[in-house]
Amino acid sequence: MNNSSSLPSHVVQLSDSYLPNPLADRFIAATLLLCFVVGFTGNILALVYFLTSGKNKLLGNLYILICATDLCTCAMQTPVAISLLMGRHPGAFQYLGFCVFWTVIFEFLQVSSIFLVMLMSVTRAVAISLPMCSINFKHIIWVYYGYVVLISTETGIRHVFGVYYMYIADLGYCVKGSRNPSFSLYANITNILSIGLPSTVTFFSFIMSITELRRQRQRPSKVVANRASVTIAIFTGIFLICNTPFFSNVILFVVTRSLTTYPGPVFSSPFMFSYSWVVSKVLCVVVNAALNPVVYFTRMVEFRTWKRERVSRHKLWNRISVLKLWSVSRRSTKVDEAL
């Protein structure tokens, strides 16, 4: 790999044998920026709604945390989009402090999102499969807070292995690495626990929910009651579709690194080498974060009503402001004529 002398040592330039397609880079960057506009705006509206609506305490708290996570995810992809537009020049990633910050925060947002969706999917699957079971999920949000502490601890532990951070132009973003041979095994274990296990639980709880909802579809009395469950099932299904490329890439990466040296036979193709990670880890995740507000808007009547009321109030206030300005201008004109 070629390193430019004008760039910091943590920046790894493009490989000579794997040159990305500029048109593909621009398309991915444009999609990321579009997702930023849609996702950032939509998640702000959804976050305000869930904070002020007084929704079911458990669901409301989970939605608030998911909206906040999606909001940050939409914002954090901006440096990647800029890097792709600049021909994979590191941009802000050329500063080591920003590279470390971005890597730690983006990875935290990703595993946090996976865990939150798992909590929502599991609690809803249990609720619709065992409606007579009096399980109190009120304090399950504390499980998430405990998980955050665990992730923070893991971030500190990884530095025992001499972890360093670098921007790799072939990927289009910053990653962590280590020269310690034990780090590979440690990374595989943490990937299984933080990504593989929650994703597997989410998948099976999703299947359980879908099976139970199909069985209850014949009961008219359950249609209204199950609307929230259907919404969460759609929400979980979109999450699984958008994140399956990343889960698959992680599995292939773990297998490749266990059997041979990276990139190995799988990631040695130009597409897999230059695009598999930026598409699966960044693009698909950001698309998921941008689609979630669309699900809220299309499935939640209360959210649509709340948004219409806010827009109507804003329009009414604008009309009142215009009338006030018109009235003041009339008065000033009359005074001028009198003088």
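This is a predicted model: local features need pLDDT of at least 70, side-chain atom pairs count only at pLDDT 80 or more; totals for chains, interfaces and linings use all residues.
Me: What makes E1 and E2 a pair of strands?

Reply: Two strands pair if DSSP finds at least two bridges between them. Residues are numbered from 1 along each chain as its sequence is written, and side-chain values use heavy atoms, with hydrogens and water left out.

Me: Why is one side of E1 and of E3 left without a neighbour in the sheet?

Reply: The open sheet has three strands in the order E1-E2-E3, with mixed pairing. E1 (11-12) and E3 stand at its edges and have a single partner strand each, so one side of each has no neighbour in the sheet.

Me: How do you know what counts as a helix or a strand in the protein chain?

Reply: Both are DSSP runs numbered from the N terminus: helices are H or I runs of at least four residues, and strands are E runs of at least two. On that basis the protein chain has nine helices and three strands. Along the sequence they follow the pattern β-α-α-α-α-α-β-β-α-α-α-α.

Me: Why is Val230 called partly exposed?

Reply: With a 1.4 Å probe and protein chains only, buried means under 20% relative accessible area, exposed means over 50%, and partly exposed is in between. Val230 has a relative accessible area of 29%, so it is partly exposed. In the protein chain, 45% of the 339 residues are buried.

Me: What makes Leu213 and Arg299 contacts of Val230?

Reply: Contact means heavy atoms within 4.5 Å. Val230, which belongs to helix H7, touches Leu213 and Arg299 when residues up to four places away in sequence are not counted. Val230 and Ile210 are 20 residues apart in sequence, and their C-alpha atoms are 8.2 Å apart in space. Across the protein chain, among contacts between residues at least 6 apart in sequence, 76% join residues at least 24 apart.

Me: What makes a set of residues a nonpolar core?

Reply: Such a core is a set of buried Ala, Val, Leu, Ile, Met, Phe, Trp, Tyr and Cys residues joined through side-chain atoms within 4.5 Å. The largest nonpolar core has 79 residues, and Leu32, Phe50, Val80, Tyr173 and Tyr296 have the most contacts inside it. H4 gives the largest share of this core, twelve residues. Leu32 is in contact with Gln77, Val80, Ala81, Leu84, Val282, Leu283 and Val286, leaving aside neighbours within four places in sequence.

Me: Why is one space called a pocket and another a cavity?

Reply: On a 1 Å grid over the protein atoms alone, a cavity is a set of points where a 1.4 Å probe fits but cannot get out, whereas a pocket is an open set with protein on both sides within 12 Å along at least five of seven lines; lining residues have an atom within 4 Å of a point. The whole structure contains two cavities of 30 Å³ or more.

Me: Which residues lie nearest the centre of the largest pocket?

Reply: Glu107, Lys176, Ala187, Asn191 and Phe253 do, out of 46 residues in its lining. The pocket holds about 1,400 Å³ of space. H6 supplies the largest share of the lining, eleven residues.

Me: What makes a lining residue nonpolar, polar or charged?

Reply: Ala, Val, Leu, Ile, Met, Phe, Trp, Tyr, Cys and Pro count as nonpolar; Asp, Glu, Lys and Arg count as charged; the others, Gly among them, are polar. The lining of the largest pocket divides into 29 nonpolar, ten polar and seven charged residues. In the second largest pocket, of about 280 Å³, the lining has eight nonpolar, six polar and no charged residues. The lining of the largest cavity has five nonpolar, five polar and one charged.

Note on methods. Grid points are joined across faces, edges and corners, and a volume is the space filled by probe spheres set on the points.
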